[in-house]
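Visitor: Hello! I am new to protein structures and would like to learn how to read one. Could you guide me through some features?

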Amino acid sequence: MSNETLANLLHEDRSFPPDPAFTAQANGTAALYAAADADYEGFWADQARTYVTWSKPFTQVLDWSNAPFAKWFADGELNAAYNCVDRHVEAGRGDKVALHWIGEPGDTRDVTYADLHREVQLAANALTDLGLGKGDTVAIYLPMIPEAVVAMLACARIGVPHSVVFGGFSAEALNTRIADAQAKVVITADGGWRRGTPSALKPAVDAALDHADTSVQKVLVVRRTGQDVAWNDARDVWWHDAMAAASPTHVAQGMEAEHPLFILYTSGTTGKPKGIFHTTGGYLTQAAYTNAVVHDVHPDRDVYWCTADIGWVTGHSYIVYGPLALGATQVLYEGTPDTPHQGRFWEIVQQNKVTILYTAPTAIRTFMKWGSDIPAKFDLSSIRVLGSVGEPINPEAWMWYRDVIGGGSAPIVDTWWQTETGGIMISPLPGVTSLKPGSAQRPIPGIGAEVVDDMGDPVPNGHGGYLVLTKPWPAMLRGLWGDPARYVETYWSRWPQYYFAGDGAKKDDEGNIWLLGRVDDVMNVSGHRLSTTEIESALVSHPKVAESAVVGANDEMTGQAVVAFVILRAGASHADDDNTGIVEELRNHVAKEIGPIAKPKRILIVPELPKTRSGKIMRRLLRDVAEGRQVGDATTLADTSVMDLIKTGLSSGSDD
């Protein structure tokens, strides 16, 4: 990854200094960097005392004596649900709206902190009535409804680690996660709403539990859609019945700071999914701190909206634990961006006067493809901070986001972090940083990160390498559930002194960090290391391109060949029916932006890209197509017919 080609691909001259008026009110300040550098442990102790209420104060900050297994604030005790709910009610803010919930069909419900307090207490008692106790585990398989938040907080309240499984996962995927966590209870719903129709959930749970070795004793079912569902009287319990029978009062007890809060599974490249688990004190501290200083959440005046699903870590940290610990008001939306129309997000922003919007580059590029005229129909003037999460954002998508959604002035925080890190690690601070389109820029105060070469040595500015984390951090994963050896092998074996994230990165001439995607997404073309992310950025910078995905396909001559799949913007015109003209135009554009070595061997114009329901592009499937193989498992795609459309069009394009 030390090749000069990789280091010099992307050059960005645009820079946007912070507005002095924004800086004057910002939570994040330049002084935080100095404080963290001067006293690392003292800095995090300050954050833990600022953002968290402790039932038993801690005296020790970090125990790194058994590296790479960290302990943070280990002799302290706290309750995550108390921090997210009770203390706001006790402070007289019970009437404040916690969740502006919006169902996809248009039904709405405002949930105050007092409402949340009442429901979390009932749910905690209902779970206890089902036989759950501290240290048991619960699987949650729910749509984006308030009960999902209540269920997570109720588990946290009684010391039961939850394992939330994204509602788009299959029965088989659900089964492996239930089995690995040995969940005693599953919390699900009859279904949720998706693209105008009810989408069943309980049948997947029933199928997942159709195994003799299951650890599940009870299934708690929320009635959301009213669909008929199969029912097992010995196992199934309606949520509303359990809540009606539960005692209304539950006193939260302190948990050890290192008590597991949740397990979240990520797909392994091989073998079973990895059960990443986080503990309570350090995780809650970093989730709240980063939500405050990166997103600049001011609970007294902001309406915050993170568009993620709670099935992903972004939903855990920046819908449930971070914002609720701060006492924020936020939007919770069940549906998709294009139901019932393509302006749905902007309608929600307008109606709820959303001030902070945190979404994914995939969504932003989709909005670009639909056209700027759609958001132009809505009043987006309330927005004052924009965030990006999930993958690197192309500079042109960044500019579109700022200009069209942010009114040409809202700062964008381009955040890098992972399920494993628990919270944001690299990001601008909106009141401090001069923003560079497409760059996550620098580690936030209190985080140590570096770009290193094959030997583990830091690379100079202007060079590329591997992104590593150089210091333990409070929200770091504490291991893989039940498999400590795999944790060490996966994250600490390449350089034992560093956590290796698996991502490639480069530093520009000013030292800003640019994420290049997974190391697996770096191609070797005639001995040159090329990043798929940077070629995709070059393609998206062309005015006719809305979105692109690039893969490396095996090639006898060059080792790997660059193959690009491109979606054109709405209204983009090209003269020829077979796309040869636009393909050549785009190939030459990449050569101009990066260099001839990056020129795609083949470009395929496609109507859509294969994406999971969470918006991730399945490049593995595109690689199968590019190399002429049978396409692998596509069951997690939002629309499996996309692959047929792509295969049909494969014969067009360029093979120069």
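Visitor: Which strands do the buried residues of H16 pack against?

Guide: First, some background. This is a predicted model, in which local features need pLDDT of at least 70 and side-chain atom pairs count only at pLDDT 80 or more, while totals for chains, interfaces and linings use all residues. Residues are numbered from 1 along each chain as its sequence is written, and side-chain values use heavy atoms, with hydrogens and water left out. Helices (H or I, at least four residues) and strands (E, at least two) are DSSP runs, numbered from the N terminus. Contact means heavy atoms within 4.5 Å. Now your case: the buried residues of H16 pack against strand E15 (274–279) and strand E23 (499–507).

Visitor: Which residues of H16 are buried?

Guide: Buried means under 20% relative accessible area, exposed means over 50%, and partly exposed is in between (1.4 Å probe, protein chains only). In helix H16 (residues 484–492), the buried ones are Tyr 487, Tyr 491 and Trp 492. They cover an arc of only 75° around the axis, which puts them on the same side of H16. That arc is taken from the directions from the helix axis to the C-beta atoms. The general idea is that an α-helix has 3.6 residues a turn, so residues three or four places apart point the same way.

Visitor: And which exposed residues does the face turned away from the buried side of H16 carry?

Guide: That face carries Ala 485 and Glu 489, both exposed.

Visitor: Let us turn to pairs of helices. At what angle do the axes of H6 and H7 cross?

Guide: Axes are lines fitted to C-alpha atoms, for helices over the stretch in contact, and angles run from 0 to 180 degrees between N-to-C directions. Helix H6 (residues 113–129) and helix H7 (residues 146–157) have axes that cross at roughly 60° and come within 8 Å. That makes H6 oblique to H7. Here is the scale: under 35 degrees counts as roughly parallel, over 145 as roughly antiparallel, 65 to 115 as roughly perpendicular, and the rest as oblique.

Visitor: Which residues make that contact?

Guide: On the H6 side, they include Leu 116, Val 120, Ala 123 and Leu 127. H7 brings residues including Val 150, Leu 153 and Arg 157. To sort residues by class, Ala, Val, Leu, Ile, Met, Phe, Trp, Tyr, Cys and Pro count as nonpolar, Asp, Glu, Lys and Arg as charged, and the others, Gly among them, as polar. The contact of H6 with H7 has 9 nonpolar, 2 polar and 2 charged residues.

Visitor: How do H5 and H7 cross?

Guide: The axes of helix H5 (residues 80–90) and H7 cross at roughly 120° and come within 7 Å. H5 and H7 are therefore oblique to each other. From H5, the contact uses Ala 80, Ala 81, Tyr 82, Cys 84, Val 85 and Asp 86, and from H7 it uses Leu 153, Ala 156 and Arg 157. By class there are 7 nonpolar, no polar and 2 charged residues in the contact of H5 with H7.

Visitor: How many residues of H14 are buried?

Guide: H14 is mostly covered, with 10 of its 10 residues buried. One of them is Arg 365, which sits in helix H14 (residues 361–370) and has a relative accessible area of 4%. Leaving aside its neighbours within four places in sequence, Arg 365 is in contact with Glu 391, Pro 392, Asn 394, Ala 397, Val 540, Ala 546 and Glu 547. After H14 comes Gly 371, with a positive phi near 110°.

Visitor: Which residue other than glycine has a positive phi near 55°?

Guide: That is Phe 73, in the loop between E2 and strand E3 (77–78). Phe 73 is buried, with a relative accessible area of 0%. Lys 353 has a positive phi too, about 50°, although it is not a glycine. At 58% relative accessibility, Lys 353 counts as exposed, and it is found in the loop between H13 and strand E18 (356–359).

Visitor: Where are cis peptide bonds found?

Guide: One runs from Ala 67 to Pro 68, with omega near 10°, and Pro 68 lies in the loop between strand E1 (62–63) and strand E2 (71–72). Another joins Thr 339 and Pro 340, where omega is about 5°. Pro 340 is in the loop between strand E17 (329–333) and helix H13 (344–352).
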